[in-house]
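Hello,

Here is the structure I promised to pass on. My notes follow below it.

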Amino acid sequence: MHESWKEFLDSEFNKPYFKELSSFLHAEYENKTIFPKKSQVFRAFTTDLNSVSVVILGQDPYHTPGAAHGLAFSVPDSQPIPPSLVNIYKEIDNDIGKHHNKTGNLTSWQKQGVLLLNNTLTVEAHHAGSHRGHGWEIFTESTIKYLNNMRPHLVFLLWGRDARSKAPLINQEKHLVLESPHPSPLSAHAGFFGNHHFSKTNQFLKEHGIPEIQW
């Protein structure tokens with residue numbers, strides 16, 4: 001984890017809810033197959049807090065073997081591009097011309113200051129949503145509140161019901177909040193396609209003298 005998050009993470013890790021979550025996770029990793037691997041659970045927080053300009057909030061990690069590696073919507077280079085990310089790339093292509101990534105690995109976005117954060121940071125293999133309700137949602141809300149207070153002129157991309165529920169936590173006079181349905185094949189045609197979030201993001205960043213993202 002990047003040292004810029006130390007004050008925030010130390011504070012959260014010492015709260016009662018997180019101690020309960022830690023106990024739950026210890027037992028889960030001991031007795032079940034959990035994704036991502038322990039060393040990658042907080043990979044989103046290797047992003048320098050002081051460089052964050054965009055926040056993309058996902059749901060839970062991919063629950064199939066080899067896919068989750070700690071960044072929302074992202075997979076390792078060796079993995080096929082997941083359907084939701086296929087749709088994200090389609091919207092980028094339609095919105096601004098052409099996406100830059102050749103695989104489903106979004107590390108290049110992270111290096112540019114995109115925080116790829118899931119609502120829950122762990123999941124049991126083949127059981128989507130299995131780690132909901134154990135404290136991760138509190139942690140994610142705390143993260144968003146901290147970003148809201150600590151960083152200027154962020155863009156929050158909130159796709160889907162879970163992510164959009166976080167909008168009230170964000171000062172929209174200070175930050176840009178862009179909402180739409182989730183890019184999943186089940187909902188992308190209900191308003192994700194055509195949302196122009198990528199060009200809107202870059203326009204906002206440009207207006208505030210912040211480097212645009214090479215999507």
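Start with F45. Leaving aside residues up to four places away in sequence, F45 touches M1, H2, W5, F8, L9, L117, L121, F139 and T143. Contact here means heavy atoms within 4.5 Å.

Two notes on the source. This is a predicted model, where local features need pLDDT of at least 70 and side-chain atom pairs count only at pLDDT 80 or more, while totals for chains, interfaces and linings use all residues. Residues are numbered from 1 along each chain as its sequence is written, and side-chain values use heavy atoms, with hydrogens and water left out.

**Cores**

The largest nonpolar core has 33 residues. W5, F45, W136, F139, L147 and F156 touch the most other members. A nonpolar core is a set of buried Ala, Val, Leu, Ile, Met, Phe, Trp, Tyr and Cys residues joined through side-chain atoms within 4.5 Å. Buried means under 20% relative accessible area, exposed over 50%, partly exposed in between (1.4 Å probe, protein chains only).

At least two residues of this core come from each of α1 (6–13), α2 (16–31), β2 (54–58), β3 (114–118), α5 (136–150) and β5 (155–159). α2 gives the most, with 6 residues. Helices (H or I, at least four residues) and strands (E, at least two) are DSSP runs, numbered from the N terminus. Another core, of 24 residues, lies apart from the largest one; A72, L116, F204 and I213 are among its members.

**Helix α5**

In α5, W136, F139, T140, S142, T143, I144, Y146, L147 and N148 are buried. The buried residues of α5 pack against α1, α2, β2, β3 and β5. The 15 residues of α5 should span 21 Å at 1.5 Å a residue, and its end C-alpha atoms are 21 Å apart, which agrees. The expected span is 1.5 Å times one less than the number of residues.

**Backbone**

The peptide bond from F35 to P36 is cis, with omega near -10°. P36 sits in the loop between β1 (34–35) and β2.

Two histidines have positive phi. H126, in the loop between β4 (123–124) and α5, has phi near 65°. H126 counts as exposed because its relative accessibility is 51%. H153 lies in the loop between α5 and β5, with phi of about 50°. At a relative accessible area of 30%, H153 is partly exposed.

Best wishes
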